[in-house]
Amino acid sequence: MKHIQPTALLLLLLCILPATSHAAEDSQPLGRIEGILYVGGAPAAEEQVTMTIQDADLSTRSDAHRKAVTDSEGRFAFEDVPPCEVSIGHLVTYRVGTSRWYSPTSTASHTRHVFIEPGRTAHVEIRRPGRRVVGRLVTPPDCNVAIAWRGADARRVYTHVDWPQPPSGLSKEEQQDWREAFRHTEEWKRLKTQMTAIVVDLEEDGAFSVSDVPPGEYSLYIEVGDDEGTGGHADVAGYAGHTFTVLDVGDSAPLDLGDLVVTLHVRLNPGDPAPQFTVPKLGEGQIALADYQGKYVLIDFWATWCAPCREETPILKQVHAKHGADPRFVIVSLSLDSEKDAPAKYIEEEGLDWVQGFLGEWSKTDLPSRYGVRGIPSMFLIDPEGAIRATNLRGPAILDAVEAALGAASEREPE
């Protein structure tokens, strides 16, 4: 499993995930939820509403995820809800896959977060009257990818919420402590109840629409697939992001966002030129890829906070032990830790004596994106001419790729 870059969107999603633990004692009275579901501004009958418990300590309950069907007036209710945080939304179905094969996927849309009090009834309105938002995704002029517009699952509009940030000057551990303490405050609850996530309807030609968007500020995020995917499952080829504001919900005309150009993910393949770089060493000095022209270079994007990265340490030590003295080969590890102390300590403890570079916090360096890195560990083998020879190397495949390259090079050398 790979660790994924903590982008602003992913940080927002972390706020939607189950809380560490806000569950009340089992002895407290149970609560209740009642509400109304609207669609197109009118109460919606015979529609499904989902409720999911968000507290980690209660997420394994058999009734942690429930469904209810609205009556003729759009009303629904959930009985015997433990005092905790829950999310509630309208169960909708959309299609995902590739242009050759689509499958229906059901998920909650127009989700709301509610904090249940012991013995109290929470009143909720889902899909409150709002405006329809439309637009179209388009490819950039230099696109050479066959896009499956509905090939990826991520397509949402998120409420913009101004989350407070830790005070400046705190260490990484102190920032984590600050965030954990904030999750237990009333302000955190207030901001959480402002959040909503709305599913985007996406057509095969890139046209999209979002229904019932109430007044507010929003961020739209849609991923698209690569039509070359197999078995009906597309690889994520790129994404489109956009911020917008809904002001007048009384206007019957849709809010048209126009054409949104898709940002394509870089995808390096064997034979492509490796992006050049010059980055700081973990100690003193600089590392330039050009300095290793004529060698096979194993590039390793990693971080100490990434458990799968640490799991690759033994195989990298094995590769270095067998081939580190070969003048035709070098390993270059590039740390994505936010501070130098953590990788420096790990490298000393593990006795890693190959070339070590420091990129710093992922969000502040563009080198991973230039290599198409979306998760770490991520390794690339570069040939002596500066071209990509192998990508996505993990485990024993790392040693196999290096030995195959050096063996092939030996066969080409004159006796």
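Which residues are linked with E34 in a network of salt bridges? The network joins R32, E34 and E79, where a salt bridge is a side-chain nitrogen of Lys or Arg within 4 Å of a carboxyl oxygen of Asp or Glu. The model is predicted, and local features need pLDDT of at least 70, side-chain atom pairs count only at pLDDT 80 or more, and totals for chains, interfaces and linings use all residues. Residues are numbered from 1 along each chain as its sequence is written, and side-chain values use heavy atoms, with hydrogens and water left out.

In total, the structure holds 18 salt bridges. One of them pairs R75 with E73, with 3.5 Å between the closest N and O atoms. R75 has a relative accessible area of 43% and is therefore partly exposed (buried means under 20% relative accessible area, exposed over 50%, partly exposed in between, with a 1.4 Å probe and protein chains only). Another salt bridge joins K189 and E186 at 3.8 Å, N to O. Both residues, K189 and E186, belong to helix α3 (residues 186-193) and are 3 residues apart, about one turn of the helix; helices (H or I, at least four residues) and strands (E, at least two) are DSSP runs, numbered from the N terminus. K189 is partly exposed at 26% relative accessibility, whereas E186 is exposed at 59%.

A further salt bridge is formed by E350 and K317, whose closest N and O atoms are 3.5 Å apart. E350 lies in helix α6 (residues 341-350) and K317 in helix α5 (residues 313-323), so this pair ties together parts 33 residues apart in sequence. E350 is partly exposed at 30% relative accessibility, and K317 is partly exposed at 32%.

Rings of Phe, Tyr and Trp (its six-membered ring) pair if their centres lie within 6.5 Å; planes under 30 degrees apart count as stacked, over 60 as edge-to-face and the rest as tilted. W163 and F182 form an edge-to-face pair, at 6.5 Å centre to centre and 85° between the planes. This pair links distant parts of the chain, with W163 in the loop between β12 (155-159) and α2 (172-182) and F182 in helix α2, 19 residues apart. W163 is buried at 17% relative accessible area, and F182 is buried at 13%.

The ring centres of Y371 and F380 are 5.2 Å apart and the planes meet at 65°, so this pair is edge-to-face. Y371 is buried at 1% relative accessibility, as is F380 at 4%. Ring pairs also link Y371 and F380 with F277 and F301 in a cluster.

The count of disulfides (a pair of cysteine sulfur atoms within 2.5 Å) is 1. The sulfur atoms of C306 and C309 lie 2.4 Å apart in this bond. The torsion about the S-S bond of C306 and C309 is about 80°, so the disulfide is right-handed. C306 is buried with a relative accessible area of 0%, and C309 is buried at 5%. Among other cysteines, C84 is buried at 3%, whereas C143 is partly exposed at 22%.
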